[in-house]
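Student: Let's go through this one label by label. I'll ask what each call rests on, and you set the value against the cut-off.

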Amino acid sequence: MTAALAIVENSLPLMSDQVKKGLLAAYSHLLRPLVRVLIRNGVAFGELAEAIKHVYVRSAAEDFAEKDKRVSGSRIAILTGLTRKDVKRILDAVTNNSGLASQGVNRAARVLEGWHQDPEFTGPYGIPLELPFDGPDISFALLVRRYSGDMPARAMLDELLRVGVVDEAQGKLKPLSRYFISSDLDPENAKYFGEVLHDLAATIEHNFSADGKTQPRFERWVTNDRLSEFNARKFHGIVSKLGTQYLETLDNWLSSNEIPELEARTQPIIRVRVGVYFYEEQDKSNLGGKK
């Protein structure tokens, strides 16, 4: 390591193993519902990992830059733990506006893509062939081996049938869709999903990192872990009613105090968001009664 890199590394904030373990446990808990959405929509781990790499590089370059100084690729590599080769590739992609690389694409998506593009599995005009599950010639099992590696063909077929993108009739299989999408999440809902979670997480992060010179943002919640199912339903109704009234009051104030469009072009504008949500889960630790 060069002296310059050693200085940069030594300037990084130290974190105890206990704090790091706590953060990783918290992020694992946070990611559980997010990963469920990704799996339902055919996003493979490799694609998420690539997206996270981009976020790490962008955050290091933009959020940890010293005043009026550009963060070097070497310092980004130190801050993020990524290789300098990865950092350069991602920075080049940002510069060229080429977006995320399609690495680690969902196996089912690869199978469907091969079924629609590989000349060996398509007929006249590029129409996908109807395939037997297995056999000595062209088959679904061969397609899976070619485009999904060691994934068992039966497991792949079960998944494609489950999400309704393949039909099985009279011993033959045919694709009903070129794309593997296992839920009805559309682009607008995906955008909403990301924006709301970003704003909540950014608010908490702001409050954790705020010092005496920074105004904390409002963030409050109430919780109780000993409600009956009846009272949980009743409370949900109360939240829905009062929460709607509360948000409508805030929305009316925002509408009457927003900057006119012409003035917004000549002065800084601030985006704000206030949200109310209801969450519940069943405590399964005491089911069946105490012994």
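Student: Where does Tyr 246 lie, and what makes it buried, partly exposed or exposed?

Tutor: Tyr 246 lies in helix H10; a helix here is a DSSP run of H or I with at least four residues, a strand is an E run of at least two, and both are numbered from the N terminus. For exposure, buried means under 20% relative accessible area, exposed means over 50%, and partly exposed is in between (1.4 Å probe, protein chains only). Tyr 246 has 39%, so it's partly exposed. Also, the C-alpha atoms of Tyr 246 and Val 276, 30 residues apart along the chain, are separated by 9.2 Å.

Student: What should I know about where the values come from?

Tutor: It's a predicted model: local features need pLDDT of at least 70 and side-chain atom pairs count only at pLDDT 80 or more, while totals for chains, interfaces and linings use all residues. Residues are numbered from 1 along each chain as its sequence is written, and side-chain values use heavy atoms, with hydrogens and water left out.

Student: How many helices and strands does the chain have, and what share of it is buried?

Tutor: There are 11 helices and two strands, running as α-α-α-α-α-α-α-α-β-β-α-α-α along the sequence. Buried residues make up 19% of the 291 in the chain.

Student: How many aromatic pairs are there, and why is Trp 115 with Phe 140 called tilted?

Tutor: A search of the whole structure gives three aromatic pairs. Rings of Phe, Tyr and Trp (its six-membered ring) pair if their centres lie within 6.5 Å; planes under 30 degrees apart are stacked, over 60 edge-to-face, and the rest tilted. The centres of Trp 115 and Phe 140 are 5.8 Å apart, so they pair, and their planes at 55 degrees make the pair tilted.

Student: What does that pair tie together?

Tutor: Trp 115 is in helix H6 (residues 107-117) and Phe 140 in helix H7 (residues 140-148), so the pair ties together parts 25 residues apart in sequence. Trp 115 has 0% relative accessibility, so it counts as buried, and Phe 140, also at 0%, counts as buried as well.

Student: Why is the pair of Phe 235 and Phe 278 given its label?

Tutor: Their ring centres are 6.0 Å apart and the planes meet at 50 degrees, so this pair is tilted. Phe 235 sits in helix H10 (residues 229-257) and Phe 278 in the segment after helix H11 (261-264), so parts 43 residues apart in sequence are tied together. Phe 235 is partly exposed at 35%, and Phe 278 is partly exposed at 28%.

Student: Which residues form a ring cluster, and what lies over the face of Phe 133?

Tutor: Ring pairs link Trp 115, Phe 133 and Phe 140. Arg 154 lies over the face of Phe 133; the test is NZ of Lys or CZ of Arg within 6 Å of the ring centre and within 35 degrees of the ring normal.

Student: What makes a set of residues a nonpolar core, and which members touch the most others in the largest one?

Tutor: A core is a set of buried Ala, Val, Leu, Ile, Met, Phe, Trp, Tyr and Cys residues joined through side-chain atoms within 4.5 Å. The largest has 20 residues, and Leu 112, Trp 115, Phe 140, Leu 143, Met 156, Leu 160 and Val 166 touch the most other members. H6, H7 and helix H8 (153-162) each supply at least two residues, with the largest share, five, from H7.

Student: What about Gln 170?

Tutor: Gln 170 isn't a glycine either, yet its phi is positive, about 55 degrees. Gln 170 lies in the loop between strand E1 (166-169) and strand E2 (172-175), and at 85% it counts as exposed.
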